[in-house]
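Here are some exercises to work through with the structure open beside you. Try each task before you read its solution.

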Amino acid sequence: MAWFRASSYIGKLAIKRTLSHSGSYAIRSQIFHLRSRCFRSTVFNPKQKMSPVPRSVPLSRLADNFLDGTSSVYLEELQRAWEADPNSVDESWDNFFRNFIGQASGPAGVSGQTIQESMRLMFLVRGYQVNGHLKSKLDPLGLEEREVPDELDPAFYGFTESDLDREFFIGVWSMSGFLSENRPVQTLRSILTRLEQSYCGSIGYEFMHIEEREKCNWLREKIETPTPMHYNKERRVLILDRLMWSTQFESFLATKMKTAKRFGLEGGETLIPGMKEMFDRAADLGVECICVGMSHRGRLNVLGNVFRKPLRQIFSEFDKNSKFEDESGLYTGTGDVKYHLGTSYDRPTRGGKRIHLSLVANPSHLEAVDPVVIGKTRAKQYFSDDLDRTKNMAVLIHGDGSFAGQGVVYETLHLSALPNYTTGGTIHVVVNNQVAFTTDPRAGRSSQYCTDVAKALNAPIFHVNGDDIEAVVHVCELAAQWRQTFHSDVVVDIVCYRRFGHNEIDEPFFTQPNMYKVIQKHPSALEIYKTKLLESGEVTEEDIDRMHKKVDSILNEEFMSSKDYVQQRRDWLSTNWRGFKSPEQLSRIRNTGFGTYVIDVVVFQILGVCPDVLKMVGRAITILPEDFKPHRAVKKVYEDRAKMIETGEGLDWAMGEALAFGTLLVEGKHVRLSGQDVERGTFSHRHAIVHDQETGKIYCPLDHIMENQNDEMFTVSNSSLSEFGVLGFELGYSMENPDAIVLWEAQFGDFSNGAQVIFDQFLSSGESKWLRQTGLVVLLPHGYDGQGPEHSSARLERFLQ
């Protein structure tokens with residue numbers, strides 16, 4: 001793979017040099033008809049005097065300017081070695097020479113093919129694999145202007161129109177797709193047609209930045225297979241029905257709630273059928289629970305059509321005079337706007353299974369929910385023994401502006417492969433309206449795509465035209481397959497538009513007049529798809545009218561029922577947290593042995609921990625294996641701790657903490673501590689993980705209190721250098737189950753500044769707004785140790801307001 005990449009780069013330079021040596025050339029449009037497709041060609045300007053284009057020559061006459069330098073000599077040596085012993089060269093070269101040396105018995109059309117042409121043809125195929133997305137038709141409005149790279153031009157590689165019907169053999173590499181060994185001989189015309197269909201249609205694939213050959217081969221095989229994407233009549237009717245629900249839901253709200261903000265999905269309605277197909281496919285592949293996070297754009301549509309939140313309840317939330325059940329004695333909180341709320345639902349799938357869906361409540365800080373969802377998913381995996389991380393999955397739905405612009409996205413992405421934070425891959429869906437509130441992309445990001453940040457993770461990115469519903473469905477299903485196959489992140493970028501302003505009472509013509517002139521005349525995705533199915537004869541006007549009336553009838557019935565709907569603010573309170581007192585009631589005292597750090601065994605007895613248990617735990621966490629070689633200073637720390645246990649005197653902070661953790665583990669409680677440098681402790685006080693000074697192996701005494709103890713039951717983990725993302729992750733983790741102690745420790749107390757959004761929007765107000773409870777413990781170490789006011793105060797007054 002490395003050689004191929006290097007040769008590709010050198011080859012392109014050689015081709016450019018060849019063309020430059022033969023005379024200047026100009027770029028203009030020349031159409032080569034390939035059935036219903038065409039491609040742009042580089043042609044020479046006849047008005048300019050130039051030398052003829054060099055033609056390819058057999059290997060024996062190969063000049064050194066091919067691939068530059070002494071490449072021809074190298075190839076000749078390889079050929080001689082292969083002739084003497086085919087096993088002496090790489091398998092790919094063996095295939096190469098077998099198919100090109102002495103081809104008198106081969107197909108007549110292939111016999112004239114030279115090594116130069118073969119290499120150039122492979123560069124052409126690779127050009128489409130790398131850059132084909134730049135020629136794909138992604139913008140439904142047709143406003144985007146992108147320069148098509150020379151690498152997608154056959155003439156750039158020396159091919160002319162006369163070569164279109166020549167047969168070529170290209171299957172000589174141990175790869176998939178066009179460069180696999182089992183592809184038949186094809187004409188250049190058929191190769192180009194298939195490349196255009198694969199890489200330059202409604203889907204733009206970015207995956208050649210991925211370093212693992214296995215993953216690239218998997219995607220090549222999916223993308224380049226000869227059978228084009230096709231759905232039968234039954235699937236198309238289902239897709240039409242789902243798109244109709246998505247579209248009519250927004251139209252109905254626009255009619256009934258004309259002056260209300262709802263942040264509708266008009267222009268991006270294909271998200272709904274795409275999500276449904278993604279969830280159906282994920283369930284088929286073993287997923288049982290999906291945790292979703294998203295901002296407000298289209299949230300009501302997702303709640304109603306994907307999560308099946310009762311439509312009457314959604315409609316009633318628009319009514320300021322809606323009725324509430326008498327909930328005296330229950331904490332009802334302050335509430336929040338309807339497009340911030342979440343819900344959960346057990347959804348039946350197309351394949352006959354059921355999948356649990358959970359939508360996490362989110363504030364107006366659009367991407368702040370990202371790490372919360374990932375942390376909650378990781379907790380679900382722990383508590384359901386999902387060791388392979390295949391049953392619980394996270395899906396995050398982003399906006400294009402926020403995905404490119406908000407740093408917590410990058411923080412969350414970089415948690416994806418860390419041992420104690422990975423969830424086995426997240427599916428990211430970007431609803432790309434091509435405008436962020438009023439900001440054009442050119443002012444909102446420095447990269448070509450809003451998704452370029454994901455390339456740092458080697459995540460594949462599927463850009464898709466939001467008007468092509470079948471293409472949206474296809475990439476959503478493909479994303480689910482990728483996640484379940486490779487357990488890593490994947491991005492679906494749905495390029496659509498926003499039919500109205502940022503909200504329905506906002507005027508978009510103030511800032512995007514040209515775009516909205518086009519949008520005013522642009523048909524909806526539903527209209528486009530209806531036309532397609534009518535033309536194919538798969539549905540009739542009567543079928544469409546019947547479906548439309550059915551959806552409209554249900555929406556009207558639910559709207560009428562909403563007038564008498566009695567809302568219950570505690571409808572979606574998590575079952576795991578039932579029984580816990582509200583902030584307006586007295587806190588229940590739980591006899592857990594934890595609640596304060598201790599310096600005396602008597603305090604442990606008061607808290608209900610048996611002294612014998614304390615000593616058992618204390619001895620277990622102060623013993624290191626006999627063959628373990630700790631640092632001499634760490635060895636003394638553990639010897640001092642052993643004395644504390646035997647004498648019961650002099651217990652310090654770190655020992656009290658370790659005993660608290662240990663006794664909780666004995667009680668069967670899950671303990672998780674995360675943050676920057678928490679394994680050793682910023683002040684070198686904890687040493688929860690000890691390193692062998694000779695072998696580098698690590699040992700965690702708290703993992704060895706009981707026999708056959710689950711390694712993850714006690715988790716202490718140095719985090720990435722992040723506060724916002726990691727605190728959000730731990731908060732999400734703590735929300736899943738109250739029978740666990742989840743702790744986040746700042747490196748210094750004042751470092752909590754970097755996570756202020758999580759403190760303000762989730763930790764301090766989450767229960768008030770959304771009735772979401774959490775048991776998160778925050779440690780903010782600080783002290784007067786001569787390091788100035790910044791490191792000497794955690795600014796606790798902010799947390800006591």
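## Exercise 1: One side of a helix

In H18, the buried residues are Ala 525, Leu 526, Tyr 529 and Leu 533. Buried here means under 20% relative accessible area, exposed over 50%, and partly exposed in between (1.4 Å probe, protein chains only). Helices (H or I, at least four residues) and strands (E, at least two) are DSSP runs, numbered from the N terminus.

Before going on, a word on the model: it is predicted, so local features need pLDDT of at least 70 and side-chain atom pairs count only at pLDDT 80 or more, while totals for chains, interfaces and linings use all residues. Residues are numbered from 1 along each chain as its sequence is written, and side-chain values use heavy atoms, with hydrogens and water left out.

**Task.** Work out which side of H18 the buried residues take, and what they pack against.

**Solution.** 
1. The arc is that of the directions from the helix axis to the C-beta atoms.
2. Recall the geometry: an α-helix has 3.6 residues a turn, so residues three or four places apart point the same way.
3. Find the partners: the buried residues of H18 pack against H8 and helix H16 (469-486). Contact means heavy atoms within 4.5 Å.
4. Step past the end of the helix: Gly 537 follows H18 and has a positive phi, near 80 degrees.

## Exercise 2: Checking helix lengths

**Solution.** 

## Exercise 3: A loop residue

**Task.** Decide whether Glu 269 is buried or exposed, and find its contacts.

**Solution.** 
1. Locate Glu 269 in the loop between H8 and helix H9 (271-284).
2. Its relative accessibility is 4%, so Glu 269 counts as buried.
3. Leaving aside neighbours within four places in sequence, Glu 269 is in contact with Leu 243, Ser 246 and Thr 247.
4. Glu 269 and Ser 524 are 255 residues apart in sequence, yet 8.6 Å apart in space, C-alpha to C-alpha.
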